[in-house]
Amino acid sequence: MSLKKILSLLLLSFVLIGNSTADFNDGLDAYNAGNHKTALQEWLTLADQGDVRAQYNVGWMNAYGIGTLKDYEEAVVWYRKSADQGFVHAQFNLGNMYLRGDGVEKDDTLAFSWFIKAAEQGDAASQYNLGRMYIMGKGVVENMSEAKHWIKKAYENNDKNISILAEEVWNKFKLNSY
């Protein structure tokens, strides 16, 4: 391939990336201005093209009925697309959907599997949820040493609210003894 073709393809890729960011920001601007239906349409176009942030946002808007009617099943579809690409917030939210049975059949094992993906990326809330699930044997075999590991990680994660919850669990279940 000639140098001219390579440079042309590289320039085209930057233009496409720039347009994607601009469209995402157009959606963000519309959302912040209170024009939620426009934001949803902007993000839906990008979500259909595989943009993980847009997929997450479309899922979130469906889950909470913002710019559209509340639709947990549709939220799960979009969260899964984003989560499958490794987007930590989508993984966490999808875990919660399975934990509660919102838009899917309640499934603690699947909830656990999504939380662990997010927890391994450093998500404090997912780390906390894993610790609780290990304590209760929910979606996984009860294991207090694993609970200790994840609750400690959640506590040390610099999320003030999660740290408070993690400390309460640590003390209540005397995890220092495991």
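Me: Is Asn 129 buried or exposed?
Reply: The model is a predicted one. In it, Asn 129 has a relative accessibility of 17% and therefore counts as buried, since the cut-off for that class is under 20%.

Me: Which helix holds Asn 129, and what does this residue touch?
Reply: Asn 129 belongs to helix H7. Setting aside residues up to four places away in sequence, Asn 129 touches Phe 92, Asn 96 and Phe 115.

Me: How many residues does H7 have, and what is its reach?
Reply: H7 runs over residues 124-136, which is 13 residues. From first C-alpha to last, the helix reaches 19 Å, close to the 18 Å expected at 1.5 Å a residue.

Me: How many residues of H7 are buried?
Reply: Eleven of the 13 are buried, and H7 is mostly covered. Among the buried residues are Tyr 128, Leu 130, Met 133, Tyr 134 and Ile 135, together with Ser 126 and Gln 127.

Me: What covers the buried residues of H7?
Reply: The cover includes helix H5 (88-100), helix H6 (108-120), helix H8 (144-155) and helix H9 (160-172).

Me: Let us take H9, then. At what angle do H7 and H9 pack?
Reply: The angle is about 15°, and the axes of H7 and H9 are 10 Å apart. H7 and H9 are therefore roughly parallel to each other, and H7 passes H9 in a left-handed crossing.

Me: Which residues make that contact?
Reply: H7 contributes Ala 124, Ala 125, Tyr 128, Arg 132 and Ile 135, while H9 contributes Ile 162, Leu 165, Ala 166 and Val 169. By class, the contact of H7 with H9 has eight nonpolar residues, no polar ones and one charged.

Me: And what follows H7 in the chain?
Reply: Gly 137 follows H7, and the phi of this glycine is positive, near 65°.

Me: Which residue other than glycine has a positive phi near 65°?
Reply: Asn 158 does, with phi near 65°. Asn 158 sits in the loop between H8 and H9, and its relative accessibility of 77% means that Asn 158 counts as exposed. Lys 174 is another residue other than glycine with a positive phi, in this case near 50°. Lys 174 lies in the segment after H9 and, at 53% relative accessibility, also counts as exposed.

Me: What share of the protein is buried, and what share of its contacts comes from residues 24 or more positions apart?
Reply: Of the 178 residues, 38% are buried. Among contacts with a separation of 6 or more, 43% come from residues 24 or more positions apart.

Me: Where is His 36 placed, and which residues is it in contact with?
Reply: His 36 is in helix H2 (residues 36-48). With neighbours within four places in sequence left aside, His 36 is in contact with Ala 30, Tyr 31, Met 61, Ile 66 and Gly 67. The C-alpha atoms of His 36 and Gly 67 are separated by 4.5 Å, although the two residues are 31 residues apart along the chain. With a relative accessible area of 26%, His 36 is partly exposed.

Me: Next, H3 and H4. How do their axes cross?
Reply: The axes of helix H3 (residues 52-64) and H4 come within 7 Å and cross at roughly 160°. H3 and H4 are therefore roughly antiparallel to each other. The contact includes Val 52, Gln 55, Tyr 56 and Trp 60 of H3, and Tyr 72, Trp 78, Tyr 79 and Ser 82 of H4. Its residues divide into nine nonpolar, four polar and two charged.

Me: You mentioned Ser 82. Is Ser 82 buried or exposed, and what does Ser 82 touch?
Reply: Ser 82, which lies in helix H4 (residues 72-84), counts as buried because its relative accessibility is 0%. Not counting residues up to four places away in sequence, Ser 82 touches Val 52, Gln 55, Tyr 56, Phe 87 and Ala 90.

Methods
Residues are numbered from 1 along each chain as its sequence is written. This is a predicted model: local features need pLDDT of at least 70, side-chain atom pairs count only at pLDDT 80 or more; totals for chains, interfaces and linings use all residues. Side-chain values use heavy atoms; hydrogens and water are left out. Helices (H or I, at least four residues) and strands (E, at least two) are DSSP runs, numbered from the N terminus. The expected span of a helix is 1.5 Å times one less than its number of residues. Buried means under 20% relative accessible area, exposed over 50%, partly exposed in between (1.4 Å probe, protein chains only). Contact means heavy atoms within 4.5 Å. Axes are lines fitted to C-alpha atoms, for helices over the stretch in contact, and angles run from 0 to 180 degrees between N-to-C directions. Angles under 35 degrees count as roughly parallel, over 145 as roughly antiparallel, 65 to 115 as roughly perpendicular and the rest as oblique. A crossing is left-handed if the near helix is turned anticlockwise from the far one by less than a right angle, and right-handed if clockwise. Ala, Val, Leu, Ile, Met, Phe, Trp, Tyr, Cys and Pro count as nonpolar, Asp, Glu, Lys and Arg as charged, and the others, Gly among them, as polar.
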